[in-house]
Structure formats: structure tokens, C-alpha cells
Amino acid sequence: MRELFIAVCLAASAGPLYSESLTSILARMDRAAPQFHALTANVVMDTYTAILSDTTTEHGNLSMQRRGDHVRAILDFSHQPDPKVIAVSGDVVQIYYPNLKLVQEFNFGKKTDVLNQYLLLGFGSSGTDLAQSYSITLGGTAQVAGRRTTEIVLVPKDPKVHQRLKEVDMWIPNDAAYPVRQKFLQPTGDFRQTTYTGVKLNPPIHGELKLKLPPGTKHQSGK
């Protein structure tokens, strides 16, 4: 009985999880978007492959700059057994593999909107912009990375995008306008889930974010 009493008291002191309205979440994102220009965070990325029933987990760091519509970002997973660094600059994505001294480059050109469906969605995005590209509904509530969050579910309106991306789930803290977790689900059952901790908004980032490649690095164009 004593353990039950303690558990009840702890639950009461934590306060109830409550679901925000979709209108209030999108409005908060609208207000925050114009002030957003940079972010740093720790990331845990879980990639699930359905056909293999296999999950790969990577730990890294994110640094991001947004200037108008132009986004630069570095996702650094260089301390993994199979290290890599992902760099985003506008419509170009580079993936550097230090062990191979190889960098792959993908140019999305006019398909930059497709790139944005898969990378960094929700950071600096206004609620109005999201509503233009997605049908949005509320999910449930959850504690994520120590934060009280409300889940929103985004389904792409563009049929071509929807063929590759079934939906995006984002968990938005009740006191913030950015996700602390994103989950990108594909029609195949594969998904990528990224959890963000230690988020710092608009920190000073000196210079432009770009890869620093050692001499002798091989370059390869991706498809």
C-alpha cells in the first residue's frame, strides 16, 4: 500500500499530460518562425528497415542555419563505428564517410521541396506553411526527452511525395514551437525517427556550416 501511495503522489505532482489544440500549436509555430535563424542539438536517430526487422541507432550532433529560404545544416555522426557526416546546403546534400575518405553529393535541383520533406522539417517552419503541404491532425500526448509534448500527424498532400512518404509524426513540446522528435514513415513500413535533446535556439554560429574535407577525399555524384 505504501508503494501505491507514493506512486499516486508522484503522478499527481507531475501533473496531467494534456493535449493542446492543433490551432494553438500551429499558431505558436507561426509566431516563432520569423525569429528562427539557427539551432544546435544532440540527436539520436533510429532507422528501421521493415524487411529485415532491423533498427540501427546513431548518436550525433546537429548544427543548423536558416537564412530566408536557404538552409545549411551539419549532422555529425563521426563518433559512430561507421562514421559519417551529412551536410545540407540549399538543394545540395553531401554525405562524407571518413573511413573511406569519400563524399557523395546529391543535387535535388527543382526537387528541393522533396528534400525538405525528409530533412529538418519543423525547424523554423510556420504552421501556415505546414498546413499548405500537409493534412494535419492531432495524435496523442507523451513525455519525450523529458518534455510534455503533443503529437501532430502530417500526411503529404502532394500525391508524388505521398508515394514515398506515408506520414510524418512530430512531437511538439507544450512550451515550444519545434519538434523534440520526428518520425518519417514510408509506405514500405520503413521509418526514421530522430529525437533531439539539449536544443539551443539561435546560438552564435560563426561562419558558414559546411564540410571540412581532408586532402585526397574522393568525390562521387549520387542519383
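Predicted model: local features only at pLDDT ≥ 70, side-chain atom pairs only at ≥ 80, totals over all residues.
Which strands does helix H2 (residues 22–32) lie across?

Residues are numbered from 1 along each chain as its sequence is written, and side-chain values use heavy atoms, leaving out hydrogens and water.

Let us start with the sheet. Its 12 strands form an open sheet with mixed pairing, in the order S7-S8-S9-S10-S11-S1-S2-S3-S4-S5-S6-S12. Strands here are DSSP E runs of at least two residues, helices are H or I runs of at least four, and both are numbered from the N terminus; two strands pair if DSSP finds at least two bridges between them. At the edges are strand S7 (134–144) and strand S12 (218–221), each pairing on one side only.

Now back to H2. Helix H2 lies across S7, strand S8 (147–156) and strand S9 (167–173), and runs at about 95° to S7 (axes are lines fitted to C-alpha atoms, for helices over the stretch in contact, and angles run from 0 to 180 degrees between N-to-C directions; contact means heavy atoms within 4.5 Å). Ile25, Leu26, Arg28 and Met29 of H2 are buried, meaning under 20% relative accessible area, with exposed being over 50% and partly exposed in between (1.4 Å probe, protein chains only). The buried residues of H2 pack against helix H4 (127–133), S7, S8 and S9. The face turned away from that buried side carries the exposed Thr23 and Arg31.
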